[in-house]
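Dear colleague,

I am passing on a structure that I would like you to look over, and my notes on it follow below. Please read them next to the model itself.

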Amino acid sequence: MQKQFKLDKTQLRELATGHGLCVVSDMITVDGHGVGFMYREEPEDADDSGWRFLSGLETDSYIDNSKNFAVVDVNIVANYDEAIIPLLDSPVGAEFDKAEDGETFLDANAP
């Protein structure tokens, strides 16, 4: 069964092209929540950016079910939450939490 994303392909703009693929929670692409947490790990292959995007609302059992995630182009996630765009060149190991203002991200690794 095909997932029904909140944004239709006709609504997608080229905001962050050329970054490769990422893993994103259905809470973002299907339910329409913003990105609450993003982190970058070692890419699994040449097409993988290493970026992983979560809404921050996922439970452990939700995360444990791989059917709750999709592998998509980073540009698709940027269309759901443009605040990720300035952070996309961050290195492997980077982690960011959405600030209380709901607009900006804070470095989760900062002291």
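Which residues does Asp-26 touch, not counting residues up to four places away in sequence? With contact taken as heavy atoms within 4.5 Å, Asp-26 touches Lys-3, Asp-31, Tyr-62, Lys-67, Asn-68, Phe-69 and Ala-70.

Before going further, please note that this is a predicted model, in which local features need pLDDT of at least 70 and side-chain atom pairs count only at pLDDT 80 or more, whereas totals for chains, interfaces and linings use all residues. Residues are numbered from 1 along each chain as its sequence is written, and side-chain values use heavy atoms, with hydrogens and water left out.

Asp-26 lies in helix α1, which covers residues 26-29; helices (H or I, at least four residues) and strands (E, at least two) are DSSP runs, numbered from the N terminus. The relative accessibility of Asp-26 is 8%, so Asp-26 counts as buried, where buried means under 20% relative accessible area, exposed over 50% and partly exposed in between, with a 1.4 Å probe and protein chains only.

The sheet

Six strands make up an open sheet with mixed pairing, in the order β4-β1-β3-β2-β5-β6, and two strands are taken to pair if DSSP finds at least two bridges between them. At the edges are β4 (69-73) and β6 (105-107), each of which pairs on one side only. On average, neighbouring strands of this sheet are turned by 25 degrees against each other, direction ignored, the axes being lines fitted to C-alpha atoms (for helices over the stretch in contact) and angles running from 0 to 180 degrees between N-to-C directions. Strand β1 (residues 21-25) pairs with β3 in the parallel sense over 3 bridges, and Leu-21 stands opposite Asp-48 in β3.

Aromatic pairs

Rings of Phe, Tyr and Trp (its six-membered ring) pair if their centres lie within 6.5 Å, and planes under 30 degrees apart count as stacked, over 60 as edge-to-face and the rest as tilted; by this rule there are 3 aromatic pairs. One of them joins Trp-51 and Phe-53, whose ring centres are 6.0 Å apart with planes at 25 degrees, so this pair is stacked. Trp-51 is buried at 0% relative accessibility, and Phe-53 is likewise buried, with a relative accessible area of 0%. In the pair of Tyr-62 and Phe-69 the ring centres lie 6.2 Å apart and the planes stand at 65 degrees, so the pair is edge-to-face; both Tyr-62 and Phe-69 are buried.

Two loop positions

Ser-90 is found in the loop between α3 (74-80) and β5 (95-98), and Ser-90 is buried, with a relative accessible area of 14%. Its side chain reaches the backbone oxygen of Leu-87 at 2.7 Å, and, leaving out residues up to four places away in sequence, Ser-90 touches Arg-40, Trp-51 and Phe-96.

Pro-43 sits in the loop between β2 (37-40) and β3 (48-54), and its relative accessibility of 34% makes it partly exposed. With residues up to four places away in sequence not counted, Pro-43 touches Asp-48, Ser-49, Gly-50 and Val-92.

The record

For residues 22-103, UniProt lists "domain: Immunity protein Imm33" in an unreviewed entry; UniProt positions are given in the numbering used here, feature names are shortened, and annotations may be inferred rather than shown by experiment. In the model this span is 18% helix and 29% strand, and its end C-alpha atoms lie 21 Å apart.

Note on methods. Polar contact = N/O pair within 3.5 Å; in protein donor to acceptor, adjacent residues only side chain to side chain.
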